[in-house]
Structures are given as C-alpha cells and as structure tokens.
Amino acid sequence: MNMTKWWHDKVAYQIYPKSFLDTNGDGIGDLQGVISKLDYLKMLGIDMIWLSPVYQSPFVDEGYDISDYYAIAEEFGSMADFDELLAEAKKRNMHIIMDLVINHCSDRHEWFQKALTDPYGEYADYFYFRKGRNGNPPSNYRSYFGGSCWEPIPGTDLYYLHMFAKEQPDLNWENPKLRQKLYDMINWWLDKGVTGFRIDAIINIKKNLDFPDFEPDGPDGLSSCWKMVESVDGVGEFLDDLKRNTFDKYDAFTVGEVFNMKEGALSDFIGENGYFSTIFDFSAHCLSDGEHGWYDAPSVDFQTWRNTIIRSQLEIQECGMEATIIENHDEPRGVSRFLPEYAQTPAGTKMLGTVNILLRGIPFIYQGQEIGMQNASWDNIEEFDDISTKDQYRMAIEAGLTHEQAMEICCRMSRDNARTPVQWNDQPYAGFTTGTPWLKVNSNYKEINVACQEQDPDSVLHYYRRLIALRKSPEYKGVLTYGRFVPAYENTDFVIAYYRQDSKQRVLIIANFGVEPAELALEYPARRILLSNQGLTETPGQVLHLQSCEVMVLDCSD
C-alpha cells in the first residue's frame, strides 16, 4: 500500500446513542448527550465518532430498520441537534461517521408502504416480491434472526424477502432507480458535513435471483440465508458503482461490515482502489461462531485467538488496512469474551486493549471499553431487549437445552451486554439518566464508572488515554500507523508478542495472558519502556520478566 490517506492515523469511537447519555430523562440516550461528551472523547484521543443509526425508525431492530433516511428519530432529538453535533465536532477537529443501512429498510418506509398498495407496481420492484412454490415460500432460507426469510403479502400469492426481521424488507439493488435514490440520500448526508459511513451488512445486497433451495441445516427444515449470499458472484459491481457515485466524490471514509467474503477478495475491498477505506477485522470474533447458533458455540482459547490475530494481520498488511475492534454493539463485551476469568481485572483489561490498539489498522473503540465495561448479569429472558438474543434462546430450548443452560449462553453471548447504559458515575442508573433506563444498567456500575476512574491515575481510563497518546505521538505515529506487523515469541504458551517496525524503528508489544510469570530473552536490546500496565519505567536488561496479565511496549530500535 503506497498511498497515504487522511484516516490512516486516526482513532475511532463507536457510540450506540440509545445507551450513551440521556439528557432529557426519558431513559433513552440522545444527541445532546453525545454533544456534552465531545470534550471527554477529545481528551481520550478520539478523531472519528461512528454513530449507530439515529434515523427515524420503529426500532424493531434498534434503529437498523429505517423508515426515513432523511429524518432524525425523535427519541434522539432533532435535525437541529444533529447539525449542532456536526458543528461542535468540527470545532474540535473531529469527524462524524454515520451508520449506513442500505441492504434493507423498515416496512414502515414510504417505499414499502407504496409497494404493498400496488404489489405489481413500480415500488414493488424496489424489493423482492416473489410468488410461492407449491403453496410454500419461494425458497427455504432462514433469516439471520430465525424463521423464514419470506413473508406473505396479504391478499396475494406473493411473498417478500427479508434476510433480517420481517419488518426489514430487503432492497432490490438490481433496480437502477432504487440505487440512484440511495446514492442521492448518501450524497445529501455528505453535503451536510458527515465525513463518512460505517456500512451495515453490505455483502448481502447481491442476491441469486433464482433463489434456489439449499440443503437444510437445522431441525426447522430451513437453510441459513448466508448460503445464498456465498453462492452468488457480482457484489463487486454494485460496490464499485456505489463508491463512484458517492464516496469518491467527497474523499469520504468508509468502513464496511463484511462477512462471507470470497477467498482472495480482500484487496478488492480494501486495496489501493478498494470498494471501502477499510473493513472490520472480525476474525477473532468468528472463533465463537456456533455451527447452528450460540448454543453450540465453542469457547475461545488463547492459542487459537493468538494464531488468528497473527494470521489476519499478516494477510491484511499485504493489501491495505482493516479496522481493529475488541467489541461493538453486536458483540458481547471483549473483557468477558477474550480474557479468562483470572484476567478480567484492570491489569488484564489494559493488556487486552494494548494488544489490540497497537495492531496494524485503524482502532475502533466501543463506548465503555475505555473503562473496561463487562458483560452484565441477567436474571431471566424477559430482561433482554435484543431480538437476536430471544431467537437464540428459543433455538437453544428447541435443541434440547434446559432453561438454565440456554440462559447461561445468552448471558455470555447477548448483544445486550454491549448495549447496557454507559457507566458515568456511581449515582442511580450510573448517571446515564434521571428517568428509567430503556435497558438495565450493569450491576457493577459502582465499581466501574468514568467518574471513579477519572480520580484514579492508575485506572483503565487513564491508561487508555496514555495508550492512544502513544499511538498518535509524533515520535511513534509513523511506525505505529504504517510499520509492518512482525510476530514474535510464537512458541511461548501464553504470550502474544509482535513488532511494529519500519526502516528506522522497531517497537515490541508483548503480553503474558497466562497465570504463571513468563521469562523471555529479548531478541533486540530495549532502549526504553514506552508503556507498561504495571507502571514500570526502568528499561529491562537482556531478559524480560512478565507477570501474569502484564503487558509492555518497548522501543527496540537499533
């Protein structure tokens, strides 16, 4: 990768607005809450803020079912609030990244309502309306949220396709008129001052228009809809058309949510002329994918996790940059997922953050990650809000698990773990709201919160600030942005280590995820300690001694 781009050295922060900060007491976070914390985010070292959807929506899938792409949901505020956010961010030299959901819309959207009114008319072709087969749906696809992908259209023999919830009909990208309307909308937001987009579920936009059946892979007789996505070619033509008609015109930053990528296609997505600026690296998160769902998901062991990160980094750096994450709104908390129980401490949290944020790529920090928020404790299935969690609970019960077993899985894997309100202080509801929060607050908020950590110079929050400051420091920004990733000490049992190096500098990141101390001979003499989660400053000699959950960043330049 030869070209440098304005976003290469940036650090991004994802905000899930509903759970960030509520300023009007209705129990739902809002845009004014985001505005009020811009200085906090600037102090953390954030350059780009990705907002999960704030568009008008019925919130069947928490805003990923958009009923009006040009309107702000009143739960979050108004367009005037959004314009104020843009202006205040610009004052601080920060960028606002919107969530772009264009594989599907809400069934309340004007287009879909018009399509239902005339199922054979112009707007019906904005979607996939198909006749059933022999009294059954057009094909045997199971949606990502469970059940058939096909929903009957009342009063007709037609069905419409929805790969997610039935309230989220898929948009027909084969229709050039529909594509142009989407492009017009995207350019409208870019003209307004948005700097780019996170692009949701984008690989799904290309369908096999024959909608063939696939071998059933579950007791319901259905087949996972992603099999159809994997079976078809041509998504690149759509993505290239999207880029040329929108993002390219504005030098916009784009990060794609891309699963089911075909072998060898990475450079098409993030190469020098790739469809997107970057895509998320989900390789570590896919380690806990079950064959049928959460109920048969394997646990993540250290060696597999380490090897996956190394393999991914080595592949990525040959063609571009990916976005690195520990967690997001669709994943459980990383501290609870990737750290063994003995490491779910401030030291372990700092260690995990260091290993991730200094990888080669564009770091994305999720709200609350910077204070080490963890999975919540859930007492019953009714406490969950997430549509996917409820479906996974049902699937586990149908597979023969007990209620207790199904609950244990949901407690461990639910997306709602990342959606509990941000823990600002130790006051009622963690300072998130003066009302009743839309989702329960994690019961550990008195121990883990921003206000408490602000007062403690050894806290996770202060450490994250130092970590991001190191990544962006004038002396090391070049090597930590563009330097190659070179794995090290791969034969050690519980150590993950790598160099970031270029022709002039070499930085070693080394962490001990094991219970026992580790003793390692340095391959290159250390000039100085750049960062230590134990607060160490004395430069080590030829042998490095790492305690359990200890991480060090060393300048090992010649």
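Which residues are buried in helix 3? Met-79, Asp-81, Phe-82, Leu-85, Leu-86, Glu-88 and Ala-89 are, where buried means under 20% relative accessible area, exposed over 50% and partly exposed in between, with a 1.4 Å probe and protein chains only. The model is predicted, so local features need pLDDT of at least 70 and side-chain atom pairs count only at pLDDT 80 or more, while totals for chains, interfaces and linings use all residues. Residues are numbered from 1 along each chain as its sequence is written, and side-chain values use heavy atoms, with hydrogens and water left out.

**View 1. Helix 3 and its surroundings.** Helix 3 (residues 79-91) has 13 residues; helices (H or I, at least four residues) and strands (E, at least two) are DSSP runs, numbered from the N terminus. From its first C-alpha to its last, helix 3 reaches 18 Å, close to the 18 Å expected at 1.5 Å a residue; the expected span is 1.5 Å times one less than the number of residues. The buried residues of helix 3 pack against helix 1 (31-36), helix 2 (38-44), strand 2 (48-51), strand 4 (68-72), strand 5 (95-100) and helix 5. Just after helix 3, Asn-93 adopts a positive phi of about 60°.

**View 2. The packing of helix 3 with helix 5.** The two helices pack at an angle of about 55°, and their axes are 11 Å apart. Axes are lines fitted to C-alpha atoms, for helices over the stretch in contact, and angles run from 0 to 180 degrees between N-to-C directions. Helix 3 is therefore oblique to helix 5; angles under 35 degrees count as roughly parallel, over 145 as roughly antiparallel, 65 to 115 as roughly perpendicular and the rest as oblique. Met-79, Phe-82, Asp-83 and Leu-86 of helix 3 make the contact with Trp-188, Trp-189 and Lys-192 of helix 5, contact meaning heavy atoms within 4.5 Å. By class, this contact has five nonpolar, no polar and two charged residues. Here Ala, Val, Leu, Ile, Met, Phe, Trp, Tyr, Cys and Pro count as nonpolar, Asp, Glu, Lys and Arg as charged, and the others, Gly among them, as polar.

**View 3. The packing of helix 5 with helix 7.** Helix 5 (residues 176-192) and helix 7 (residues 235-245) pack at about 40°, with axes 10 Å apart, and are therefore oblique to each other. Arg-179, Tyr-183, Ile-186 and Asn-187 of helix 5 meet Phe-238, Asp-241, Leu-242 and Asn-245 of helix 7. The residues of this contact divide into four nonpolar, two polar and two charged.

**View 4. Val-235 in helix 7.** Val-235 is buried, because its relative accessible area is 16%. Not counting residues up to four places away in sequence, Val-235 touches Ile-202, Ile-203, Ile-205 and Lys-206.

**View 5. The packing of helix 12 with helix 16.** Helix 12 (residues 346-357) and helix 16 (residues 460-472) pack at an angle of about 20°, with their axes 10 Å apart; they are therefore roughly parallel to each other. Pro-346, Thr-349, Lys-350, Gly-353, Thr-354 and Ile-357 in helix 12 meet Val-460, Tyr-463, Tyr-464, Leu-467 and Arg-471 in helix 16.

**View 6. Gln-374 in a loop.** Gln-374 is placed between strand 15 (362-366) and helix 13 (387-398). At 18% relative accessibility, Gln-374 counts as buried.
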